[in-house]
Amino acid sequence: MRVWKWLGLGLLLVVVIAIAIPVLKLLGYEQLDDADRLAQKQQYLQSLSASSSTAAQRPNIVIILLDDLGYGDVGAYGAQSIATPHIDSLAQNGMRFSHYYSPSPVCSPSRAAMLTGRYPPRTGLGHVVFPEGHFISNAQKISALNTRIPTEEIMLSDVLKAVGYNTAMVGKWHMGDVAPSLPNDFSFDSYYGGLYSNDMKPFPLYRNRDIEEAAELDQTRMNGLYTREVVEFVESQDTATPFFLYYAHNFPHEPLFSSPQQSGKSEAGLYGDVVEDIDHSVGELLAALQRKGLTENTLIIFTSDNGPWYQGSPGFNRGRKNQTWEGGQRVPFIVHWPASVGGNQLRTVPISGVDLFPTLLSVLDLPLPADRIIDGVDISPLWRGESELAERLIYYYGQSGATLDAVRDSRFKYHGRRGVRATGITKTLDLKAPMGPWLFDLAQDQQESYDVSAKYPLEMQRLQEAFEARDAEFRNNLRGWLPVK
């Protein structure tokens, strides 16, 4: 009996420790920003302020970012059952890219990377974040993961505000819902929208730092509310001062809600109704720019944060959201800027979302920050009419954000060995068996169906070495900090 008593006490002690350790980690959690890099950020932004004197000659900038829109979900990219005339007009009068890659197959890392020009591991936000108090957010804290984007990261909004732009954001933030990592903390003069995905509860709409719409928002109203905000912002602008509008719509992320006016009209069901609603919103934005006489010198970028989820079309690409197959990250990307970009153009050069930050700084003749690695490249020569760029590699970071899954050049894509095939043991336990490595010839095999590593051993070796070198570089300097001169 005494033995059983001691075994019971021992088991109880193990249970208490197992509970106490995570509880203590949660209670003691504090995300610390890098004070030295934050100081470098402030010095850099202050150095740009002298450029504000030339701001009036610079273009207005509008980024329209949809949530989970697939490659084949708009007419300009092959959609036949979804009508998107306003989005299509951007392509008809601008430049369409056929091989654009979002920086991640999931929300938060993709957004952080696009706005900073740095691949997800660099930004300190390589994973999806959840509302404060959510059990997954608490689990991330126990695992010592960031639950908001670090304040030392330099966003496009920070740069544009420093050089004299009026800045506004409408829509989904999803990089933390607490200060000091809110939209207004990253130099947006105004913010209106939901701080995270529309399937995360509660889902209030914020006006700057305060809740304006109730936690249980009727999401059939959301597209109309967002449309009102972007139109009012454009109409309120002084045409002598350039503006930056970041319109990051929550749709067509699940759950789907269309407006009553659009309900049942699309040939693609509810998903199509939602996308056509968004197209109407884009049309209202374009009309507002036209009324203000701002169309000619407004640079509009239209894209998606990653591939489609349960519904939506990845085009002829393999895979969907959460995956680093082409369908998870290859999405529409349109540039519309009548003053500088000719109409009805197609570019097939592979580009990435991390290219947006350095490209826009190049367009504005602004220097990049010198204390950190910027992973993107300047693609503005493509906008000016050049058809090619210097050979470069595109890297695919997986759902966890810190794991490199694949790399591609202008033709071939190398997948590293990893868990990719679900074993389907049970409905809830879906293990993935390690597979690969593989080499796919994307010029011949867009669906990544046939491993050609035996046919092209030198290409396999070259991309494998590049993959391993990049992986090692990130392990040695994850955040990409450079020595300060």
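Start by selecting T359 and showing its surroundings. Beyond the four places on either side of it in sequence, T359 is in contact with V377, D378, I379, S380 and W383, where contact means heavy atoms within 4.5 Å. T359 sits in helix α11; helices here are DSSP runs of H or I with at least four residues, strands are runs of E with at least two, and both are numbered from the N terminus. Is T359 buried or exposed? With a relative accessible area of 0%, T359 is buried; the term buried stands for under 20%, exposed for over 50%, and partly exposed for what lies in between, using a 1.4 Å probe and protein chains only. Now draw a C-alpha to C-alpha distance from T359 to D405: the two are 46 residues apart in sequence and 25 Å apart in space.

Before moving on, a word on what you are looking at. This is a predicted model, in which local features need pLDDT of at least 70 and side-chain atom pairs count only at pLDDT 80 or more, while totals for chains, interfaces and linings use all residues. Residues are numbered from 1 along each chain as its sequence is written, and side-chain values use heavy atoms, with hydrogens and water left out.

**Zooming out**

The protein has 13 helices and 18 strands. Its radius of gyration, taken over C-alpha atoms, is 23 Å, close to the 23 Å of the globule rule for 485 residues, so the protein is as compact as a globular protein of that length; the rule is 2.2 Å times the number of residues to the power 0.38. Along the principal axes, the C-alpha trace spans about 90 × 60 × 60 Å. Buried residues make up 55% of the 485. Among contacts with a separation of 6 or more, 68% are between residues 24 or more positions apart.

**Two loop residues**

Select L125, in the loop between α5 and α6. L125 counts as buried, at 0% relative accessibility. Leaving out neighbours within four places, its contacts are S108, P109, A112, P120, N146, R148, I149 and M175. For one of these, P109, the C-alpha to C-alpha distance to L125 is 5.7 Å, across 16 residues of sequence.

Then jump to P437, in the loop between β17 (432-435) and β18 (438-441). P437 is partly exposed, with a relative accessible area of 31%. Apart from residues up to four places away, P437 touches Y414, H415, G416, R417, D451 and M460. Y414 is 23 residues from P437 in sequence, with 7.3 Å between their C-alpha atoms.

**Aromatic rings**

Colour Phe, Tyr and Trp. How many aromatic pairs does a search of the whole structure find? There are 19, a pair being two rings (the six-membered one for Trp) with centres within 6.5 Å; planes under 30 degrees apart count as stacked, over 60 as edge-to-face and the rest as tilted. Select Y119 and Y397: their ring centres are 5.5 Å apart and their planes meet at 45°, so this pair is tilted. The pair joins distant parts of the chain, 278 residues apart, with Y119 in the loop between α4 (107-116) and α5 (120-123) and Y397 in strand β13 (residues 394-397). Both Y119 and Y397 are buried.

Next, select W173, F186, F188, F244 and Y246, which ring pairs link into a cluster.

**Backbone stops**

Most residues other than glycine have a negative phi, and most peptide bonds are trans.

- F251 to P252: another cis bond, with omega near 5°; P252 is in the loop between β8 (243-248) and α9 (269-291).
- A144: phi is positive, about 60°. A144 lies in the loop between α6 (135-142) and α7 (156-162) and is exposed, with a relative accessible area of 60%.
- D365: phi is positive here too, near 60°. D365 is in the loop between α11 (356-363) and α12 (380-383), exposed at 68% relative accessible area.
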